[in-house]
Amino acid sequence: MRAGHALVLFSGGQDSTTCLVWALEHFALVETVGFDYGQRHHVEMQARVQVLDALRAQFPVWGGRLGQDHVIDLSVLGRISDTALTRDVAIQMDAAGLPNTFVPGRNLLFFQLAAALGYRRGLHTLVGGMCETDYSGYPDCRDDTIKALQVAVSLGMGQHFTFETPLMWCDKAQTWELAHALGGQPLVDLVIERTHTCYLGERGVRHAWGYGCGNCPACALRQAGYERWREQLA
Ligand code: ZN
């Protein structure tokens with residue numbers, strides 16, 4: 001019997017969807033939280049709802065463990081940052097070698113707000129899809145950052161929290177592999193059809209790995225990971 005409750009930081013993308021299913025396998029009740037921070041396209045927020053609906057419809061055992069979904073308005077983040085995710089500018093690298101899709105410290109804020117929500121709802125395990133292995137250089141995705149934040153949040157709230165990051169040491173091929181291990185081809189198909197990764201919010205073209213422009217850094221990672229995973233299967 002699964003015990004414990006968890007709160008998953010859920011964006012509607014491939015990584016957080018895989019983490020959500022991982023949590024549904026490990027915990028008796030799983031709630032989700034998403035952050036609306038003025039993304040250039042609202043496609044991500046729509047994908048969240050579609051993934052949750054599809055999980056409930058196609059995987060009733062997991063659906064039975066799915067609790068409330070929360071959306072927190074973080075439009076303030078769009079006003080204090082100038083990035084390709086929140087404004088209509090081209091994706092490029094900045095002087096520090098980071099793509100301008102980077103909202104500085106975004107995951108720090110996300111975890112703190114999720115912890116405040118979790119504190120109120122008695123959810124002391126937070127699950128996030130951060131990954132150090134195959135990422136775009138974001139310092140707030142690093143394992144040390146998340147561990148330090150877990151300590152700071154636990155101390156600052158007087159409540160011990162556990163921050164779980166099941167994808168931290170997975171590359172993108174292993175993320176596809178994990179989805180397959182958790183839910184077989186039906187879950188892989190759900191990830192392909194329902195989740196959204198593309199930075200440009202493009203959903204016009206259906207590739208083997210899902211919808212996207214096929215050119216932005218997020219599409220490139222998703223495509224390369226899918227192709228590596230398929231090659232390993234063959
Ligand atoms: Zn794209």
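The zinc ion here sits in a tetrahedral site, with angles of 105 to 116° among its four donor atoms (four donors count as tetrahedral if all angles lie between 85 and 135 degrees). Keep in mind that this is a predicted model, where local features need pLDDT of at least 70, side-chain atom pairs count only at pLDDT 80 or more, and totals for chains, interfaces and linings use all residues. Residues are numbered from 1 along each chain as its sequence is written, and side-chain values use heavy atoms, leaving out hydrogens and water.

**The zinc site**

- Who holds the metal? The protein donors are Cys198, Cys213, Cys216 and Cys219, each through its SG atom, and they lie 2.3 to 2.4 Å from the zinc ion. (Donors are N, O and S atoms within 2.8 Å of the metal, or 3.2 Å for Na, K and Ca; water is not among the atoms, so sites may look incomplete.)
- Along the sequence, these donor residues follow the spacing C-x14-C-x2-C-x2-C.
- Cys198 is in the loop between helix H7 (172–194) and strand S6 (206–207), while Cys213 is in the loop between strand S7 (210–211) and helix H8 (217–233), so the pair ties together parts that are 15 residues apart in sequence. (Helices, H or I with at least four residues, and strands, E with at least two, are DSSP runs numbered from the N terminus.)
- Cys198 is buried, at a relative accessible area of 4%. (Buried means under 20% relative accessible area, exposed over 50%, and partly exposed in between, using a 1.4 Å probe and protein chains only.)

**Strand S1 and its partners**

- Four of the five residues of strand S1 (residues 5–9) are buried, so the rest of the structure largely encloses this strand.
- S1 runs parallel to strand S2 (residues 29–36), and five bridges join them; His5 stands opposite Leu29 in S2. (Two strands pair if DSSP finds at least two bridges between them.)
- To get from S1 to S2, the chain passes through helix H1 (residues 14–26), making a right-handed β-α-β crossover. (Right-handed means that, with the strands pointing away from the viewer, the path from the first strand over the helix to the second runs clockwise.)
- S1 also pairs in the parallel sense with strand S4 (residues 125–127), over two bridges, and here Leu7 stands opposite Leu126.

**Aromatic rings**

- How many aromatic pairs does a search of the whole structure find? The search turns up seven. (Rings of Phe, Tyr and Trp, using its six-membered ring, pair if their centres lie within 6.5 Å; planes under 30 degrees apart count as stacked, over 60 as edge-to-face and the rest as tilted.)
- One of them is the edge-to-face pair of Trp22 and Phe27, at 6.3 Å centre to centre with 65° between the planes; both residues are buried.
- Phe35 and Phe110 have ring centres 4.3 Å apart and planes at 10°, so this pair is stacked.
- Phe35 belongs to strand S2 and Phe110 to helix H5 (residues 106–121), so the pair ties together parts that are 75 residues apart in sequence.
- Phe35 is buried at 7% relative accessibility, and Phe110 is buried at 9%.
- Trp176, Tyr226 and Trp229 are linked into a cluster by ring pairs.

- Thr18 lies in helix H1 and is buried, at 2% relative accessibility.
- Thr18 and Val191 are 173 residues apart in sequence, and 8.1 Å apart in space from C-alpha to C-alpha.
- Ala28, in the loop between H1 and S2, is partly exposed, at 26% relative accessible area.
- Ala28 and Arg65 are 37 residues apart along the chain, and their C-alpha atoms are separated by 5.9 Å.

Terms used: Four donors count as tetrahedral if all angles lie between 85 and 135 degrees; four count as square planar and six as octahedral if opposite donors are over 155 degrees apart and all others between 65 and 115; anything else is irregular.
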